[in-house]
Amino acid sequence: MGGWRDMSAEALEDQYSPSRWSPRLDRDTIIDAHLAVTAAGTERARASAQTSLHVPYGKGDGEKLDIYFPTDHSGTFPVLVYIHGGYWQCLSKDESGFAAPPLVSQGVAVVAVGYDTAPRGHMDTMVLQVRRSLAFLVEQYPEIRGIYLCGHSAGAHLAAMVLFTDWTEFHVVPDIKGAVLVSGVYDLEPILHTYVNDALNMSREVAQRNSPMRHVAPAVPAACEVLVVVAQHDSPEFRRQSQEYSQALRAAGWSVSLLDLASVDHFDVIEKLSENSYILTQVILNMISRA
């Protein structure tokens, strides 16, 4: 699998630096631009939707949810659980509501999950927190009718880890009907050899334990639909990871599609979820409507 093992340290750093691959903006401005776009979109979403913000699902400072309710939530409703990126060390739920308006207008609740990013949060902790957030949602909101995971970048990794959860210890089994994994990393081992691990401080054992690629289980009859999304201007390594992970799921019997989106990079591939007409917005709504 590992062409990455033959790369120089410098080449590997480049491959796992998404800001270096966008044709729109240079690497020094694109992350600031991404923060500005997602923060502004979240502000608009909070102003236009009925919300419950900073709902604690645990005792930790980072263990909070922002919930954007659908326009009519008098009955049951599906929920999209959004798990933010930021290489497990930046961003937060507070910039993660930008995708809510097109969804809440169609009867879908959106939940932005907060978790303890590094260096405060350890990789094992982040995975556990996201799993616990889902168990909390199911217990606290019985009106939820089906859960759809959506994660971007590091959030796609965390969403993929949720798919392989032994729910017996949580005493509840979330009804996960779909997962949309956008520009994710599914094998953490290459990360060990890059700047990204400076804050994460993962050992090889931790990276392997938390690599979805290493824990692909055979699909059970109730297994959800999985959509693996990659951007045209993601790096070759990000694109390889998405392709190989989707292939591994398919080989294990999962219902999986790989969506390769043209003319977007690692950042606007997710930013555009604020737009009704964006292809990925429509694909997500179609996935939910089919259930």
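**Reading the surface, the fold and the annotated sites**

Modeller: Let us begin with the surface: the accessible surface of the protein chain comes to about 12,000 Å², and 50% of it belongs to carbon and sulfur atoms. Such areas come from the Shrake-Rupley method with a 1.4 Å probe, and for residues only the protein chains shown count as cover. Please note that this is a predicted model, in which local features need pLDDT of at least 70 and side-chain atom pairs count only at pLDDT 80 or more, while totals for chains, interfaces and linings use all residues. Residues are numbered from 1 along each chain as its sequence is written, and side-chain values use heavy atoms, with hydrogens and water left out.

Biologist: Why does the radius of gyration of the protein chain agree with that of a compact globule?

Modeller: The radius is taken over C-alpha atoms, and the globule rule is 2.2 Å times the number of residues to the power 0.38. For 291 residues a compact globule would have a value near 19 Å, and the protein chain has 18 Å, which agrees. Along its principal axes, the C-alpha trace spans about 55 × 40 × 35 Å.

Biologist: How many helices and strands are there in the protein chain?

Modeller: Helices (H or I, at least four residues) and strands (E, at least two) are DSSP runs, numbered from the N terminus. Here the protein chain has 10 helices and 8 strands.

Biologist: What share of the residues of the protein chain count as buried?

Modeller: Buried means under 20% relative accessible area, exposed over 50%, and partly exposed in between (1.4 Å probe, protein chains only). In this chain 56% of the 291 residues count as buried.

Biologist: Which residues does Val81 touch?

Modeller: A contact means heavy atoms within 4.5 Å. Val81 is found in strand β3 (residues 77–83) and is buried, with a relative accessible area of 1%. Not counting residues up to four places away in sequence, Val81 touches several residues, including Val111, Val113, Leu134 and Ile147. Val81 and Leu134 are 53 residues apart in sequence, and their C-alpha atoms are 8.3 Å apart in space. Across the chain, residues 24 or more positions apart account for 76% of the contacts with a separation of 6 or more.

Biologist: Is Ser133 buried or exposed?

Modeller: Ser133, which lies in helix α4 (residues 123–140), counts as buried at 1% relative accessibility. Leaving aside neighbours within four places in sequence, Ser133 is in contact with Tyr57, Leu65 and Val113.

Biologist: Where does UniProt place the feature "active site"?

Modeller: UniProt positions are given in the numbering used here, with shortened feature names, and annotations may be inferred rather than shown by experiment. The unreviewed UniProt entry places the "active site" at Ser153, Asp234 and His266. These span 114 residues in sequence, yet no two of their C-alpha atoms are more than 10.4 Å apart, so they gather at one spot.

Biologist: Where is the place of Ser153, and where is His266 found?

Modeller: Ser153 is in the loop between β5 (144–152) and α5 (154–163), and Ser153 is buried at 4% relative accessible area. His266 is in the loop between β8 (255–261) and α9 (268–271), and His266 is buried at 3%. Leaving aside neighbours within four places in sequence, His266 is in contact with residues including Ser153 and Asp234.
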